[in-house]
Amino acid sequence: ANGYGPGPGPSDGFCGNACTGAVGPDPYDIATILVEALQEEYKAEMLYRSVLLTLGADTVPFTLIAQAEARHVEALRRLFTRREMVAPASAWAPASFAPFASVSLGCAAGVVAEREDAAFYAPYLQRADLPQDVRNVLTNLRAASLENHLPAFERCQ
């Protein structure tokens, strides 16, 4: 295992069986939580897609991690759907980021992005009022950042 494998696993972001139960009870700020989390995942995906546009579509580890980020976006979008809420479009695009001159510089940006990603989820996961489906998805997204993506970027910078 190379740490950024293609298939779903315990840290793929999906909520699996947790998304089959009742929704909620949701805290008053669930929309804010979900929108901020979704934009966080969009940002990471678009950062990695920007590297792929500049350095090539098969640049390792960006290809697989960008695909993983797209799955993370989809997992969060499912939480919106379950709540009959409309998920916003991405505020980010590959053009939001300056081009990277090398894979190692892109990987260094990936290290920063994944650390920020993990830190973003930490305060939400400390909340007692987080519904179980949301908690499961955010837990998985944080784990993917720390256990899969961050080590892959650390190895290539």
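Colleague: Is Glu 84 buried or exposed?
Modeller: Keep in mind that this is a predicted model. Glu 84 sits in the loop between H2 and H3. Anything over 50% relative accessible area counts as exposed. With a relative accessibility of 76%, Glu 84 is therefore exposed.

Colleague: What is phi of Glu 84?
Modeller: Most residues other than glycine have a negative phi. Glu 84 is a residue other than glycine, yet its phi is positive. The value is near 55°.

Colleague: OK, let's zoom out. In what order do the elements of the protein run from the N terminus on?
Modeller: The protein has zero strands, and its helices number four. Starting at the N terminus, the order is α-α-α-α.

Colleague: What does H1 reach from its first C-alpha to its last?
Modeller: H1 covers residues 30–55, which gives 26 residues. At 1.5 Å a residue you'd expect 38 Å, and the helix comes close to that. From first C-alpha to last, H1 reaches 38 Å.

Colleague: Which peptide bond is cis, with omega near 0°?
Modeller: Most peptide bonds are trans. For this one, head for the loop between H1 and H2, where Pro 61 is found. Omega is near 0° for the cis bond from Val 60 to Pro 61.

Colleague: How much of the protein do buried residues make up?
Modeller: To count as buried, a residue has to be under 20% relative accessible area. The protein has 157 residues, and the buried share of them is 46%.

Colleague: Which element gives the largest share of the largest nonpolar core?
Modeller: That core has 21 residues, and Leu 38, Leu 76, Tyr 121, Val 134 and Leu 138 touch the most other members. Two or more residues come from each of H1, helix H2 (62–82), helix H3 (103–125) and helix H4 (132–156). The largest share is six residues, and the element giving them is H1.

Colleague: How many residues are in the second, separate core?
Modeller: Its members include Val 51, Phe 97, Ala 109 and Ala 113.

Colleague: Which residues is Leu 38 in contact with, leaving aside its neighbours within four places in sequence?
Modeller: Leu 38 is one of the core residues that touch the most other members. Contact here takes heavy atoms within 4.5 Å. With those neighbours set aside, the list is Val 73, Leu 76, Arg 77, Phe 80, Ala 87 and Pro 88.

Colleague: On to the rings. Why does the pair of Phe 62 and Phe 153 count as tilted?
Modeller: The structure holds six aromatic pairs. In this one the ring centres are 5.1 Å apart. Planes under 30 degrees apart would be stacked and over 60 edge-to-face, with the rest tilted. Phe 62 and Phe 153 are tilted because their planes are at 40°.

Colleague: How many residues apart in sequence are the parts that Phe 62 and Phe 153 tie together?
Modeller: Phe 62 counts as buried at 0% relative accessibility, and Phe 153 is buried at 0% too. Phe 62 belongs to helix H2 and Phe 153 to helix H4, so the parts tied together are 91 residues apart.

Colleague: What is the angle between the planes of Trp 92 and Phe 97?
Modeller: Trp 92 is partly exposed at 29%, whereas Phe 97 counts as buried at 17%. Their rings form a stacked pair, 5.6 Å centre to centre. The angle between the planes is 15°.

Colleague: Last one: where does the disulfide sit, and is it left-handed or right-handed?
Modeller: The structure holds one disulfide, joining Cys 107 to Cys 156 with 1.7 Å from S to S. Cys 107 lies in helix H3 and Cys 156 in helix H4, so parts 49 residues apart in sequence are tied together. Cys 107 counts as buried at 0% relative accessibility, while Cys 156 is partly exposed at 23%. The torsion about the S-S bond is about -105°, so the disulfide is left-handed.

Definitions and conventions
Residues numbered from 1 in each chain as written. Predicted model: local features only at pLDDT ≥ 70, side-chain atom pairs only at ≥ 80, totals over all residues. Heavy atoms only, no water. Expected span 1.5 Å × (residues − 1). Buried < 20%, exposed > 50% of the residue type's maximum accessible area, 1.4 Å probe, protein only. Core = buried A, V, L, I, M, F, W, Y, C linked by side-chain atoms within 4.5 Å. Phe/Tyr/Trp six-rings, centres within 6.5 Å; stacked < 30°, edge-to-face > 60°. Disulfide = S-S within 2.5 Å.
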